[in-house]
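Visitor: I am new to this entry. Could you show me the structure and take me through its main features?

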Amino acid sequence: MKKTDFICAIGKELNIINTGDWKVYPPVIDQEKCKKCGLCLLYCPTNSVKHEDGKYIIHLEFCKGCGVCIHECPANSIEFKKGE
Ligand code: SF4
Ligand code: SF4
């Protein structure tokens with residue numbers, strides 16, 4: 001079966017496809033600057049941001065690198081990590 005057979009939310013939830021492979025750069029949260037407002041979690045279209053152990057964490061295996069979280073973060077605490 002091809003990967004493209006599972007480009008859907010169900011495929012993602014079942015961990016059948018690694019949608020994170022599609023991004024160019026990974027977004028990284030600076031935990032020192034994060035205000036813990038939760039907007040990145042709220043607006044992420046792929047549900048890749050989780051609230052774990054008091055921190056907002058981006059699960060890169062599902063993140064597509066769209067940059068919505070970077071745009072919405074009021075503390076400018078998320079950046080694309082480039083050049084690695
Ligand atoms: S870059 Fe897009 S997909 Fe990745 S965590 Fe941010 S909003 Fe979600
Ligand atoms: S939107 Fe920015 S400040 Fe708010 S929880 Fe996410 S990383 Fe932290």
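This is a predicted model: local features need pLDDT of at least 70, side-chain atom pairs count only at pLDDT 80 or more; totals for chains, interfaces and linings use all residues.

**A guided reading**

Guide: With 9 other C-beta atoms within 10 Å, N76 is exposed. Residues are numbered from 1 along each chain as its sequence is written, and chains are lettered from A and ligands numbered from 1 in the order in which they are written.

Visitor: Where is N76 found?

Guide: N76 sits in the loop between α3 (68–72) and β4 (78–80). Its phi is positive, about 50 degrees, although N76 is not a glycine. Helices (H or I, at least four residues) and strands (E, at least two) are DSSP runs, numbered from the N terminus.

Visitor: How many helices and strands does the chain have?

Guide: The chain has three helices and four strands. Along the sequence they follow the pattern α-β-α-β-β-α-β.

Visitor: And what is the mean pLDDT of the chain?

Guide: The mean is 85, and 76% of the residues reach 70 or more. pLDDT is the predictor's confidence in each residue, from 0 to 100. Over residues 1–6 it stays under 50, and there the model has four contacts beyond four places in sequence. Two residues are in contact if their C-beta atoms, placed from the backbone, lie within 7 Å.

Visitor: Which strands pair in the antiparallel sense?

Guide: Strand β2 (residues 49–52) and strand β3 (residues 55–58) do so, over four bridges. Strands pair if DSSP finds at least two bridges between them. V49 has I58 as its bridge partner in β3, and K50 stands opposite I57.

Visitor: Moving inside, which residues make up the largest nonpolar core?

Guide: That core has 11 residues: I29, C40, C44, V49, Y56, I58, F62, C63, C69, C73 and I78. A nonpolar core is a set of buried Ala, Val, Leu, Ile, Met, Phe, Trp, Tyr and Cys residues joined through C-beta atoms within 7 Å. Over the whole chain of 84 residues, 18% count as buried.

Visitor: What does C40 touch?

Guide: Not counting residues up to four places away in sequence, C40 touches V49, Y56, C69, E72, C73 and I78.

Visitor: And is C44 buried or exposed?

Guide: C44 counts as buried because it has 22 C-beta neighbours inside 10 Å. C44 lies in the loop between α2 (39–43) and β2. Beyond four places in sequence, it touches V49, V68 and C69. C44 and V68 are 24 residues apart along the chain, yet their C-alpha atoms are separated by 6.4 Å.

Visitor: Which residues come nearest to ligand 1?

Guide: C44, C63, C66, V68 and C69 come nearest, out of 13 residues around ligand 1. A residue belongs to such a shell if its C-beta atom, placed from the backbone, lies within 6 Å of the molecule. The shell has eight nonpolar, four polar and one charged residues. Here Ala, Val, Leu, Ile, Met, Phe, Trp, Tyr, Cys and Pro count as nonpolar, Asp, Glu, Lys and Arg as charged, and the others, Gly among them, as polar.

Visitor: Which residues are closest to ligand 2?

Guide: C34, C37, C40, C73 and A75 are the closest of the 13 residues that surround ligand 2. By class, that shell has nine nonpolar, two polar and two charged residues.

How values were computed
A residue is buried if 20 or more other C-beta atoms lie within 10 Å of its own, exposed if 12 or fewer, and partly exposed in between; C-beta atoms are placed from the backbone.
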